[in-house]
Every structure is written in C-alpha cells, then in structure tokens.
Amino acid sequence: MPGKVIESGDPDVKIRLYADKYVGIAYKGYAGKKLTVKVPITGKLRNLVTNQITPAEFELTTGPMELHAFVIE
C-alpha cells in the first residue's frame, strides 16, 4: 500500500500516512535518538504497540533502525 510522505526535516526519518488512517514512522539511524514528530492531522494518534494515546505533535524516543506504527483517532 503506497503511503503519502510527510516531511520530517531529518534524512534518517521517514513519516508516511496510509489510507488517511495509519501513520508509520521509520528511523534508519545507527544510534538511538529523540525525535520531534509533527503529523498534520486534527485528531490524536494511538500507538499500535503500546496502545498509548498521543497528540499529533510529540517527542518520540527511538532506538536504531526502529519502525513505529500509529492509528489516527
């Protein structure tokens, strides 16, 4: 399924919006990092792994080569 790329400003981060419902955040760095994520939506995001609710703009601590998945609520 192709996704719409959302500009992150970091060459090691790719944020994609799928079917206007799901958000994937891929970090391809070799060391952990704290990211500031801004998804241009009006709702909130639910982390599909932890089930936590987060606003559309948030800080994300990621390990190297990690993928994070969210659903828009």
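Reply: One definition before the tour: strands here are DSSP runs of E with at least two residues, numbered from the N terminus. Please also keep in mind that this is a predicted model.

Me: Okay, how many helices and strands are there in the protein?
Reply: The protein has zero helices and eight strands, and reading along the sequence gives the pattern β-β-β-β-β-β-β-β. The radius of gyration is 11 Å, close to the 11 Å that the globule rule gives for 73 residues, so the protein is as compact as a globular protein of that length.

Me: And what does the C-alpha trace span along its principal axes?
Reply: The C-alpha trace spans about 30 × 25 × 20 Å along those axes. Of the contacts with a separation of 6 or more, 43% are accounted for by residues 24 or more positions apart.

Me: What share of the residues is buried?
Reply: Buried residues make up 34% of the 73 residues. The accessible surface of the protein comes to about 4800 Å², and carbon and sulfur atoms hold 54% of that surface.

Me: Switching to charges, how many positive and negative side chains are there?
Reply: There are 10 positive and 8 negative side chains, and the centres of these two sets lie 2 Å apart.

Me: Back to the strands: which residues of β7 are on its covered face, and which on its uncovered one?
Reply: Strand β7 covers residues 57-62, with F58, L60 and T62 on the covered face, while E57, E59 and T61 form the uncovered one.

Me: Which strand is joined to β7 by six bridges?
Reply: That is strand β4, residues 33-38, which runs antiparallel to β7. Within this pair, K34 stands opposite T61 in β7, and T61 belongs to the uncovered face mentioned above.

Me: Is A19 buried or exposed? And D20, buried or exposed?
Reply: A19 is exposed, with a relative accessible area of 55%, and D20 counts as exposed at 66% relative accessibility.

Technical notes. Residues are numbered from 1 along each chain as its sequence is written. This is a predicted model: local features need pLDDT of at least 70, side-chain atom pairs count only at pLDDT 80 or more; totals for chains, interfaces and linings use all residues. Side-chain values use heavy atoms; hydrogens and water are left out. Helices (H or I, at least four residues) and strands (E, at least two) are DSSP runs, numbered from the N terminus. The radius of gyration is taken over C-alpha atoms; the globule rule is 2.2 Å times the number of residues to the power 0.38. Buried means under 20% relative accessible area, exposed over 50%, partly exposed in between (1.4 Å probe, protein chains only). Contact means heavy atoms within 4.5 Å. Accessible areas come from the Shrake-Rupley method with a 1.4 Å probe; for residues, only the protein chains shown count as cover. Lys and Arg count as positive and Asp and Glu as negative; His and the chain ends are not counted. The place of a charge is taken as NZ of Lys, CZ of Arg, CG of Asp or CD of Glu. Two strands pair if DSSP finds at least two bridges between them.
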